[in-house]
Each structure stands twice: as structure tokens, then as C-alpha cells.
Amino acid sequence: MISLLAGLAGCATQVRFESDPPGAEIVYERKGQTLGTAPFDLSIKDQFGWFSVYRFTAKLEGYEPVTLEFRERSPLDAQQVVPSLVRFDMKAKGASSAAAASSATE
């Protein structure tokens, strides 16, 4: 009985959030809540439900926002859907168009 109650209380996954470059604001889209400024560690409580979705967005001035999404693959997959390391590789705004313009003038 005690183990059943502990299972119903919910589990959590310890997650390290990183961004390249460092300093991105990480937002948990489900709640519209800013979690912190990368890099940081946070315990993410597992959602219980059918095919839960965890969506995080990294925002940093001068860079395009990056969204990463993690989904349960089945109802039995409720724990540790979010990996222990979530890394956002940021791209500077206009970087690809500047590179294309540079090669077009050569």
C-alpha cells in the first residue's frame, strides 16, 4: 500500500539545462513559466496522463528562439521523459542570410 501511494505522489527527474552560448532564458511552455537562465539544474516533476508533452523554449537576445519537445511514447512511459541533459544550440539572428549574402558577392 505504501509503495502504491509513493507511486501516485509523482516522481521527478533531475535535469541540467544548457545553452550555447550560455545565458539563454528557458521557458516551460505548458505553464508559460521562466525556469531559469542556462546553465542550471532543476527537478522536473513527471506529468501523469496520456501522452504528456514537455516543451521548453530558449530565448536569448540576438539569437533565434529554440524549442525542444519531449513526448511520452506510451502511457507506461510517464517517468523520465525529459532527458537528464537538455541542451539548446542557439543560432544568431540573420546568420544564415548574412552567410548567403557573403557567398553571393564572391
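Read along the sequence, this chain runs α-β-β-β-β-β-β-β-α, that is, two helices and seven strands. Helices (H or I, at least four residues) and strands (E, at least two) are DSSP runs, numbered from the N terminus.

The model before you is predicted: local features need pLDDT of at least 70 and side-chain atom pairs count only at pLDDT 80 or more, while totals for chains, interfaces and linings use all residues. Residues are numbered from 1 along each chain as its sequence is written, and side-chain values use heavy atoms, with hydrogens and water left out.

I begin with the chain as a whole. Of its 106 residues, 29% are buried; buried means under 20% relative accessible area, exposed over 50%, and partly exposed in between, with a 1.4 Å probe and protein chains only. The chain exposes about 6,900 Å², of which carbon and sulfur atoms supply 54%. These areas come from the Shrake-Rupley method with a 1.4 Å probe, and for residues only the protein chains shown count as cover. Among contacts with a separation of 6 or more, 57% are between residues 24 or more positions apart, a contact being heavy atoms within 4.5 Å.

The largest nonpolar core has 20 residues, and Phe 17, Ile 26, Tyr 54, Phe 56 and Phe 88 touch the most other members. At least two residues of this core come from each of strand E1 (12-20), strand E2 (25-28), E4, E5, strand E6 (66-71) and strand E7 (85-89). E5 gives the most, with three residues. By a nonpolar core I mean a set of buried Ala, Val, Leu, Ile, Met, Phe, Trp, Tyr and Cys residues joined through side-chain atoms within 4.5 Å.

Phe 56 lies in strand E5 and is buried, with a relative accessible area of 1%. Leaving aside neighbours within four places in sequence, the contacts of Phe 56 include Phe 17, Ile 26, Leu 35, Ile 44, Leu 68, Phe 70 and Phe 88. Phe 56 and Thr 34, 22 residues apart in sequence, are 9.5 Å apart, C-alpha to C-alpha.

Is Arg 73 buried or exposed? Arg 73 is exposed, with a relative accessible area of 68%, and is found in the loop between E6 and E7. The C-alpha atoms of Arg 73 and Phe 51, 22 residues apart along the chain, are separated by 6.4 Å.

Next, the largest pocket, with a volume of about 200 Å³. On a 1 Å grid over the protein atoms alone, a pocket is an open set of points where a 1.4 Å probe fits, with protein on both sides within 12 Å along at least five of seven lines; lining residues have an atom within 4 Å of a point. Grid points are joined across faces, edges and corners, and the volume is the space filled by probe spheres set on the points. Twelve residues line this pocket, and Tyr 28, Lys 31, Ser 43, Ile 44 and Lys 45 lie nearest its centre. Strand E3 (33-37), strand E4 (40-45) and strand E5 (53-59) each supply at least two lining residues, with the largest share, four residues, coming from E4.

Finally, the backbone. Most peptide bonds are trans. The bond from Asp 20 to Pro 21 is cis, with omega near 5 degrees, and Pro 21 sits in the loop between E1 and E2. A cis peptide bond also joins Ala 38 and Pro 39, with omega about 5 degrees; Pro 39 is in the loop between E3 and E4.
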